[in-house]
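Colleague: I have a few questions about this chain before we go on. Can you take them one at a time?

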Amino acid sequence: VLYDTYTGVPLSEELLEYYEKNGLKETCTVNIQPCDANEWRRVDGSCNNLQEPARATFFSPMARILDAAFSDGYKARKAESGQELPPPREVRLKLLKQTLSSHKLLNNNVPGFAAFVYIDIGSIHDNENLLGQTTYCCEAEHMNDFACTPNIISDDDPVFGPTDIRCMNSTRPLTYQMYQCTKDSVPSPIKKATSPFDLSQIYNAKNEGDKVLRTFKGGELAVEEENGELFPPNGPTAVCPTNVKPNETRCFEHYYGTFIPVTLLTTWFVRHHNFIASNLAKLNPCWDDETTFQTARDINIAFYKQVYFYEFNTALQGRNNLFKAGVITKDNGFRDDYDDTKSPAVTVEFSFMKRLFHLMQESRTMLYDVHGNFIEEFKTFDATFRTGMLANNMPSFTQSMFRAPCHGGDGTVDFELANFALPAFQRAIDALSGDISKNRNFGLAPYVEYIRHFMGYEINSFEDLKTAGLMTDEKIALLKSTYEHVKDVDLMAGGGWCEKNMKGGNIPLTAANIINDNTMRAIQSDRHWYERRDRPHAFTEKQLKEIRKSTLAGLMCAVGDGVSEIPKKAFFNISPKNPLVSCSSKEIKKLNFKAWVDPACKKQKQ
Ligand code: HEM
């Protein structure tokens, strides 16, 4: 049945005719085979909700927590006074100091894992547009194009003032309206990914389905060996524009290899699938390829979710806060909050808030050998879209993830990221000015409205912010010197950059609220949620107990390159409380696949 991707309902003949006439059928529709209530999770996200099978698919739209706020024909909203809001670069310069800084608690796995999770539920189409297609927004004749939202640099800019650079490329977010997939008036940003947390960056990254990824033997994904290590295969359509030939040849055909952690984690989760599949196949020789593949995929997804929801989020918000918010369970047993009336859509705010991790991104990658001896400092941004270089140096980049702290945690931003983020593509890019620009061009409501929505405080003045106790006097003063009115403050500026970290956690409360809101939506709307007892092919109690052992340290020990020791809490810096431990020690929990032994195979053998 053909469905309209935007509304998620079966296509009317009239709409089909319109799409066909305008060559939009391929973009704006999705063809879904009839659902079977007992089948495995589909890779394209379809049939998750049996009543609305197209609701979670690749290219299905996002939801909004709060109504959109735009001005003048859906352009960036204006200040309360009716004037333009302060320019993004000015906001960034005033609110975030650009400096070198090392996080006291967290390491590079934190921003890295965040970026990996982002490409499961979001896409980098706006980045691709900024770097590959709409590259001209700083040219005088294009500055006012609708597609362009250039970030203007003032003459007194501390970095670029003395140079001839007066503009940074910035583009308007791509929307379903631009693709003509809807006539709704409020711009709706596109998303090229499935909505649930389902490792779609591993099993359906470019919406080509699993067929192109599988070997159809032993339930395994295709891999290639290079220098004794296994990688996702190369292919003719793979794009790695910064690979330096002839030595850097690795470039993933069916997966994203954007920058260091995404390339590493993609490689590890592909290998991890095969690690699981080969263990299952050994234990259950009577299983066919399909059963082994689907079971391995289900375990791999559950492993990833356990790490993300229980370990990563705990590192950011603290266990008690997560219990209180109801997003993790206390007893480690099953839970079933599925409600088929809930929408599986990811929120625009959640997807946007992932940019908060720009504050933790380091421009210096500290490379170590597998014994932990420091080798050299590498410029992080020289590795972007350069899978080949990384593939030649996996062990040292792997060590850099857990041996070196990430940036910040102190209200600063890495100097390079805030000025020269993509040196191979543009002379000047401030990723954080881009964040403020997108904040407005996604039409996100003012910061104070999110405070009202989540905490119930009415903020009408900067003094009210003080009463709410969300930020220091110094930050309130900074906001006051940047914005005319407290209602002008952008969500990222207030809720991401200026709020204090939440009590017991390492990120601001507003950011945590937005993340938890999305987590609850994900738990309630995903029929295949791994903690459900009552889902197709659900885990047994014994199996769920094994899944609870999943940790990032366990993943890196199992399939990381040259990892023989690691801190048990692999998102935290090495310290006396979090020392390096051997991968073979009991501290690093391993899944016991015997929980998946199928008695039918034994019977058949007998
Ligand atoms: C090598 C390190 C990184 C560089 C150079 C970089 C740079 C950028 C730039 C230039 C943009 C576009 C800003 C704009 O909209 O104008 C962007 C977008 C984004 N970044 Fe980063 N970033 C890095 C790391 C991260 C990390 C660790 C995360 C963690 C989640 C992240 C999340 C995002 C997201 C979600 C977007 C929006 C994607 C899109 O709309 O296409 N980035 N980044």
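Colleague: Which residues does Ala 222 touch, not counting residues up to four places away in sequence?

Modeller: This is a predicted model. In it, Ala 222 touches Leu 213, Arg 214, Thr 215 and Pro 233.

Colleague: And where is Ala 222 placed?

Modeller: Ala 222 lies in the loop between helix H6 (200-203) and strand S9 (224-226).

Colleague: Buried, exposed or partly exposed?

Modeller: Ala 222 has 16 C-beta neighbours inside 10 Å, so it counts as partly exposed. The cut-offs are 20 or more for buried and 12 or fewer for exposed.

Colleague: How many Å apart are Ala 222 and Gln 399 in space?

Modeller: From C-alpha to C-alpha, Ala 222 and Gln 399 are 26 Å apart. In sequence they are 177 residues apart.

Colleague: New topic, the ligand. How many residues surround the ligand?

Modeller: The ligand is surrounded by 28 residues. The closest are Pro 111, Asp 126, Asn 127, Phe 357 and Gly 434.

Colleague: Which helices each supply at least two residues of that shell?

Modeller: Helix H4 (109-121), helix H5 (125-133) and H13 each do.

Colleague: And how does the shell divide into nonpolar, polar and charged?

Modeller: The shell around the ligand has 14 nonpolar residues, ten polar and four charged.

Colleague: Back to H13. At what angle do H13 and H17 pack?

Modeller: Helix H13 (residues 431-441) packs against helix H17 (residues 491-498) at an angle of about 130°, and their axes are 9 Å apart.

Colleague: Why are H13 and H17 called oblique to each other?

Modeller: An angle over 145 would count as roughly antiparallel and 65 to 115 as roughly perpendicular. The angle here is about 130°, and H13 and H17 are therefore oblique.

Colleague: Which residues make the contact?

Modeller: H13 contributes Asp 435, Ile 436 and Asn 439, while H17 contributes Leu 491, Met 492 and Ala 493. By class, that contact has four nonpolar residues, one polar and one charged.

Colleague: Now the whole chain. How many helices and strands are there?

Modeller: The chain has 21 helices and 16 strands.

Colleague: What share of the chain counts as buried?

Modeller: Of the 606 residues, 51% count as buried.

Note on methods. Residues are numbered from 1 along each chain as its sequence is written. This is a predicted model: local features need pLDDT of at least 70, side-chain atom pairs count only at pLDDT 80 or more; totals for chains, interfaces and linings use all residues. Axes are lines fitted to C-alpha atoms, for helices over the stretch in contact, and angles run from 0 to 180 degrees between N-to-C directions. Helices (H or I, at least four residues) and strands (E, at least two) are DSSP runs, numbered from the N terminus. Angles under 35 degrees count as roughly parallel, over 145 as roughly antiparallel, 65 to 115 as roughly perpendicular and the rest as oblique. Two residues are in contact if their C-beta atoms, placed from the backbone, lie within 7 Å. Ala, Val, Leu, Ile, Met, Phe, Trp, Tyr, Cys and Pro count as nonpolar, Asp, Glu, Lys and Arg as charged, and the others, Gly among them, as polar. A residue is near a molecule or strand if its C-beta atom, placed from the backbone, lies within 6 Å of it.
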